[in-house]
Amino acid sequence: MTAQHSQHQAPHHEGHSFGIDVGGSGIKGAEVDLATGEFVGDRLKIATPKPATPEAVAEVIAQIVAEKGWNGPVGITLPAVIKNQVVRSAANIDKSWIGINAQELLSQFLDTPFTVLNDADAAGLAEVAYGDDIVRTGPVIFLTLGTGIGSAFLLDGQLFPNTEIGHLIVGEQEAEHQASSAVKDREALKTKQWAKRVNRVLYEYEALFNPSAFVIGGGISRKFDKWGEHLSIETPVVAAQLRNRAGIVGAAMAAKEGIRP
(Lines give C-alpha, C1' and ligand atoms only; values in the text may rest on other atoms or scores of the structure.)
Protein backbone atom coordinates (compact mmCIF):
# COMPACT_ATOMS: atom_id res chain seq x y z
CA MET A 1 0.00 0.00 0.00
CA THR A 2 1.46 3.35 -0.99
CA ALA A 3 1.64 6.20 1.52
CA GLN A 4 -0.63 8.22 -0.72
CA HIS A 5 -3.21 5.44 -0.79
CA SER A 6 -3.18 4.93 2.99
CA GLN A 7 -4.05 8.55 3.72
CA HIS A 8 -7.72 7.98 2.95
CA GLN A 9 -8.01 4.27 3.60
CA ALA A 10 -7.10 3.16 7.10
CA PRO A 11 -5.58 -0.33 7.24
CA HIS A 12 -7.86 -2.73 9.08
CA HIS A 13 -6.59 -3.82 12.47
CA GLU A 14 -5.99 -7.43 13.42
CA GLY A 15 -8.89 -8.51 15.62
CA HIS A 16 -11.18 -5.87 14.14
CA SER A 17 -13.91 -6.41 11.59
CA PHE A 18 -16.68 -4.38 9.98
CA GLY A 19 -20.42 -4.98 10.18
CA ILE A 20 -23.35 -3.52 8.26
CA ASP A 21 -26.93 -4.05 9.40
CA VAL A 22 -29.60 -3.43 6.75
CA GLY A 23 -32.93 -2.59 8.38
CA GLY A 24 -36.32 -1.44 7.19
CA SER A 25 -35.65 2.17 8.19
CA GLY A 26 -31.87 2.53 8.35
CA ILE A 27 -28.62 0.95 7.12
CA LYS A 28 -25.99 1.08 9.85
CA GLY A 29 -22.29 0.25 9.79
CA ALA A 30 -19.37 0.27 12.21
CA GLU A 31 -15.92 -1.15 12.82
CA VAL A 32 -15.99 -3.70 15.65
CA ASP A 33 -13.29 -4.82 18.06
CA LEU A 34 -13.99 -8.55 18.22
CA ALA A 35 -12.11 -8.91 21.52
CA THR A 36 -14.80 -6.87 23.28
CA GLY A 37 -17.75 -6.62 20.88
CA GLU A 38 -17.50 -2.82 21.12
CA PHE A 39 -17.63 -0.36 18.25
CA VAL A 40 -14.41 1.34 17.18
CA GLY A 41 -15.32 4.97 16.45
CA ASP A 42 -18.84 6.05 15.62
CA ARG A 43 -21.57 4.07 13.92
CA LEU A 44 -22.64 5.50 10.55
CA LYS A 45 -26.36 5.36 9.74
CA ILE A 46 -27.98 6.20 6.42
CA ALA A 47 -31.74 6.00 5.78
CA THR A 48 -32.79 2.87 3.89
CA PRO A 49 -33.64 3.87 0.30
CA LYS A 50 -37.27 3.75 -0.76
CA PRO A 51 -37.90 1.51 -2.56
CA ALA A 52 -35.17 -0.67 -0.98
CA THR A 53 -34.17 -2.36 -4.24
CA PRO A 54 -31.00 -4.49 -4.40
CA GLU A 55 -28.99 -1.88 -6.33
CA ALA A 56 -30.13 1.03 -4.13
CA VAL A 57 -29.25 -0.83 -0.92
CA ALA A 58 -25.93 -2.04 -2.37
CA GLU A 59 -24.98 1.57 -3.18
CA VAL A 60 -25.58 2.64 0.43
CA ILE A 61 -23.57 -0.34 1.74
CA ALA A 62 -20.65 0.64 -0.51
CA GLN A 63 -21.01 4.28 0.60
CA ILE A 64 -20.74 3.30 4.29
CA VAL A 65 -17.63 1.17 3.68
CA ALA A 66 -16.04 3.98 1.64
CA GLU A 67 -16.89 6.73 4.16
CA LYS A 68 -15.38 4.65 6.95
CA GLY A 69 -12.26 3.95 4.86
CA TRP A 70 -12.50 0.23 5.62
CA ASN A 71 -10.56 -2.23 3.47
CA GLY A 72 -10.92 -5.56 5.29
CA PRO A 73 -13.70 -8.19 5.39
CA VAL A 74 -17.27 -6.90 5.71
CA GLY A 75 -20.28 -8.70 7.18
CA ILE A 76 -23.72 -7.63 5.94
CA THR A 77 -27.10 -8.52 7.42
CA LEU A 78 -30.36 -8.48 5.50
CA PRO A 79 -33.93 -8.85 6.82
CA ALA A 80 -34.27 -11.97 4.68
CA VAL A 81 -33.75 -15.72 4.55
CA ILE A 82 -30.28 -16.30 3.06
CA LYS A 83 -29.48 -19.76 1.68
CA ASN A 84 -26.16 -20.34 -0.11
CA GLN A 85 -25.92 -16.53 -0.32
CA VAL A 86 -29.18 -16.38 -2.31
CA VAL A 87 -31.95 -14.17 -0.89
CA ARG A 88 -35.09 -16.29 -0.41
CA SER A 89 -37.46 -13.81 1.24
CA ALA A 90 -37.82 -10.06 1.63
CA ALA A 91 -39.20 -8.68 4.88
CA ASN A 92 -39.24 -4.88 4.99
CA ILE A 93 -37.05 -4.56 1.87
CA ASP A 94 -38.16 -4.57 -1.77
CA LYS A 95 -39.57 -7.86 -3.09
CA SER A 96 -37.15 -7.64 -6.03
CA TRP A 97 -34.48 -9.03 -3.64
CA ILE A 98 -36.03 -12.50 -3.82
CA GLY A 99 -33.85 -14.81 -5.91
CA ILE A 100 -30.89 -12.41 -5.94
CA ASN A 101 -27.44 -13.92 -5.38
CA ALA A 102 -26.09 -11.50 -2.79
CA GLN A 103 -22.46 -12.35 -3.58
CA GLU A 104 -22.90 -11.62 -7.29
CA LEU A 105 -24.80 -8.40 -6.64
CA LEU A 106 -22.60 -6.90 -3.94
CA SER A 107 -19.30 -7.87 -5.59
CA GLN A 108 -20.20 -5.25 -8.23
CA PHE A 109 -20.19 -2.59 -5.46
CA LEU A 110 -17.53 -3.82 -2.99
CA ASP A 111 -13.91 -4.74 -3.62
CA THR A 112 -13.36 -6.36 -0.22
CA PRO A 113 -14.38 -9.90 0.85
CA PHE A 114 -17.85 -10.00 2.41
CA THR A 115 -20.40 -12.33 3.93
CA VAL A 116 -24.19 -11.92 3.92
CA LEU A 117 -26.52 -13.40 6.54
CA ASN A 118 -29.94 -12.99 8.13
CA ASP A 119 -30.14 -9.99 10.48
CA ALA A 120 -31.64 -11.77 13.49
CA ASP A 121 -29.22 -14.70 13.08
CA ALA A 122 -26.32 -12.25 13.18
CA ALA A 123 -27.71 -10.56 16.30
CA GLY A 124 -28.24 -13.92 17.98
CA LEU A 125 -24.63 -14.97 17.29
CA ALA A 126 -23.42 -11.69 18.81
CA GLU A 127 -25.45 -12.29 21.97
CA VAL A 128 -23.94 -15.78 22.27
CA ALA A 129 -20.45 -14.29 22.03
CA TYR A 130 -20.84 -11.20 24.21
CA GLY A 131 -24.19 -11.40 26.00
CA ASP A 132 -25.76 -13.05 29.02
CA ASP A 133 -24.80 -16.62 30.01
CA ILE A 134 -28.47 -17.58 29.61
CA VAL A 135 -28.04 -17.37 25.81
CA ARG A 136 -25.30 -20.00 25.71
CA THR A 137 -27.14 -22.88 27.39
CA GLY A 138 -30.09 -24.94 26.21
CA PRO A 139 -32.74 -23.97 23.66
CA VAL A 140 -33.03 -20.19 23.46
CA ILE A 141 -35.15 -18.03 21.16
CA PHE A 142 -33.64 -14.65 20.37
CA LEU A 143 -36.08 -12.07 18.97
CA THR A 144 -35.53 -8.62 17.53
CA LEU A 145 -38.49 -6.27 17.81
CA GLY A 146 -38.10 -3.55 15.20
CA THR A 147 -39.70 -2.88 11.82
CA GLY A 148 -40.76 -6.53 12.01
CA ILE A 149 -39.98 -9.43 14.37
CA GLY A 150 -36.77 -11.26 13.58
CA SER A 151 -35.83 -14.56 15.23
CA ALA A 152 -32.75 -16.69 15.85
CA PHE A 153 -32.98 -20.20 17.32
CA LEU A 154 -29.99 -21.18 19.43
CA LEU A 155 -29.17 -24.53 21.03
CA ASP A 156 -26.24 -24.42 23.45
CA GLY A 157 -25.04 -21.37 21.52
CA GLN A 158 -25.24 -23.04 18.10
CA LEU A 159 -27.43 -21.40 15.47
CA PHE A 160 -30.30 -23.04 13.58
CA PRO A 161 -30.40 -20.47 10.75
CA ASN A 162 -33.18 -18.71 8.89
CA THR A 163 -36.12 -19.17 11.24
CA GLU A 164 -38.84 -16.62 10.52
CA ILE A 165 -41.31 -16.98 13.38
CA GLY A 166 -42.25 -13.30 13.15
CA HIS A 167 -44.44 -14.49 10.27
CA LEU A 168 -46.27 -17.12 12.35
CA ILE A 169 -50.00 -16.45 12.58
CA VAL A 170 -50.97 -15.67 16.17
CA GLY A 171 -54.72 -15.31 16.50
CA GLU A 172 -55.86 -13.57 13.34
CA GLN A 173 -52.63 -12.20 11.87
CA GLU A 174 -48.86 -12.50 11.60
CA ALA A 175 -47.02 -11.94 14.89
CA GLU A 176 -45.00 -9.04 13.49
CA HIS A 177 -48.11 -7.29 12.20
CA GLN A 178 -49.43 -6.97 15.75
CA ALA A 179 -46.41 -6.84 18.09
CA SER A 180 -43.39 -5.28 16.34
CA SER A 181 -42.12 -1.98 17.69
CA ALA A 182 -43.09 -0.39 14.36
CA VAL A 183 -46.72 -1.39 15.02
CA LYS A 184 -46.49 0.16 18.50
CA ASP A 185 -45.43 3.45 16.91
CA ARG A 186 -47.83 3.28 13.97
CA GLU A 187 -50.89 2.56 16.13
CA ALA A 188 -49.68 4.84 18.96
CA LEU A 189 -50.10 2.00 21.47
CA LYS A 190 -49.47 2.66 25.13
CA THR A 191 -46.64 0.60 26.61
CA LYS A 192 -48.95 -1.73 28.51
CA GLN A 193 -51.24 -2.29 25.49
CA TRP A 194 -48.28 -3.19 23.30
CA ALA A 195 -46.67 -5.38 25.97
CA LYS A 196 -49.90 -7.41 26.14
CA ARG A 197 -49.57 -8.09 22.42
CA VAL A 198 -45.94 -9.13 22.82
CA ASN A 199 -47.01 -11.40 25.67
CA ARG A 200 -49.65 -13.07 23.46
CA VAL A 201 -47.05 -13.72 20.77
CA LEU A 202 -44.51 -15.07 23.28
CA TYR A 203 -47.20 -17.29 24.80
CA GLU A 204 -47.75 -18.87 21.38
CA TYR A 205 -44.01 -19.31 20.81
CA GLU A 206 -43.66 -20.80 24.30
CA ALA A 207 -46.42 -23.33 23.59
CA LEU A 208 -44.88 -24.36 20.27
CA PHE A 209 -41.14 -24.39 21.02
CA ASN A 210 -40.68 -24.58 24.82
CA PRO A 211 -37.42 -22.61 25.00
CA SER A 212 -35.48 -22.22 28.23
CA ALA A 213 -35.45 -18.44 27.69
CA PHE A 214 -36.45 -15.63 25.34
CA VAL A 215 -33.88 -12.91 24.68
CA ILE A 216 -35.29 -9.67 23.23
CA GLY A 217 -33.18 -7.34 21.10
CA GLY A 218 -33.80 -4.37 18.82
CA GLY A 219 -33.92 -0.70 19.79
CA ILE A 220 -36.93 -1.16 22.07
CA SER A 221 -34.94 -3.55 24.28
CA ARG A 222 -33.28 -0.44 25.75
CA LYS A 223 -36.59 0.28 27.48
CA PHE A 224 -37.18 -3.32 28.56
CA ASP A 225 -37.51 -2.38 32.24
CA LYS A 226 -40.53 -0.23 31.27
CA TRP A 227 -42.48 -2.95 29.44
CA GLY A 228 -40.97 -6.28 30.52
CA GLU A 229 -42.88 -6.15 33.78
CA HIS A 230 -46.15 -6.53 31.84
CA LEU A 231 -45.15 -9.96 30.46
CA SER A 232 -46.71 -12.94 32.24
CA ILE A 233 -45.48 -16.06 30.42
CA GLU A 234 -43.67 -18.78 32.40
CA THR A 235 -40.47 -18.76 30.35
CA PRO A 236 -37.83 -16.23 31.50
CA VAL A 237 -37.58 -13.18 29.22
CA VAL A 238 -34.44 -11.02 29.30
CA ALA A 239 -33.27 -8.01 27.33
CA ALA A 240 -30.38 -8.50 24.94
CA GLN A 241 -27.10 -7.21 26.37
CA LEU A 242 -25.97 -5.67 23.08
CA ARG A 243 -29.32 -3.91 22.51
CA ASN A 244 -29.46 -2.80 18.87
CA ARG A 245 -25.67 -3.09 18.37
CA ALA A 246 -26.05 -6.85 17.97
CA GLY A 247 -26.74 -6.95 14.23
CA ILE A 248 -23.58 -5.01 13.35
CA VAL A 249 -21.47 -7.00 15.82
CA GLY A 250 -22.80 -10.34 14.57
CA ALA A 251 -22.20 -9.28 10.96
CA ALA A 252 -18.61 -8.36 11.83
CA MET A 253 -18.10 -11.74 13.53
CA ALA A 254 -19.47 -13.57 10.49
CA ALA A 255 -17.13 -11.63 8.18
CA LYS A 256 -14.10 -12.52 10.29
CA GLU A 257 -15.07 -16.18 10.58
CA GLY A 258 -16.23 -16.44 6.97
CA ILE A 259 -19.68 -17.73 7.99
CA ARG A 260 -21.86 -18.14 4.91
CA PRO A 261 -25.28 -19.60 5.60
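A salt bridge is a side-chain nitrogen of Lys or Arg within 4 Å of a carboxyl oxygen of Asp or Glu. The close-up views below come from a predicted model, which holds 3 salt bridges.

**View A. Arginine 136 pairs with aspartate 133 in a salt bridge.** The N-to-O separation between the two side chains is 2.5 Å, which falls within the 4 Å limit, so the contact qualifies as a salt bridge. Aspartate 133 is exposed, with a relative accessibility of 54%. Arginine 136, at 29%, is partly exposed.

**View B. The side chains of arginine 245 and glutamate 38 form a salt bridge.** Here the N-to-O separation is 3.8 Å. Arginine 245 has a relative accessible area of 21% and is partly exposed. Glutamate 38 is also partly exposed, and its relative accessible area is 42%.

**View C. Arginine 197 and glutamate 187 are joined by a salt bridge.** The closest N and O atoms of this pair lie 2.9 Å apart. Arginine 197 sits in helix α7 (residues 191-209), and glutamate 187 sits in the loop between α6 (181-186) and α7. The two residues are 10 residues apart, and the pair links distant parts of the chain. Glutamate 187 is partly exposed, with a relative accessibility of 42%.

Technical notes: Residues are numbered from 1 along each chain as its sequence is written. This is a predicted model: local features need pLDDT of at least 70, side-chain atom pairs count only at pLDDT 80 or more; totals for chains, interfaces and linings use all residues. Side-chain values use heavy atoms; hydrogens and water are left out. Buried means under 20% relative accessible area, exposed over 50%, partly exposed in between (1.4 Å probe, protein chains only). Helices (H or I, at least four residues) and strands (E, at least two) are DSSP runs, numbered from the N terminus.
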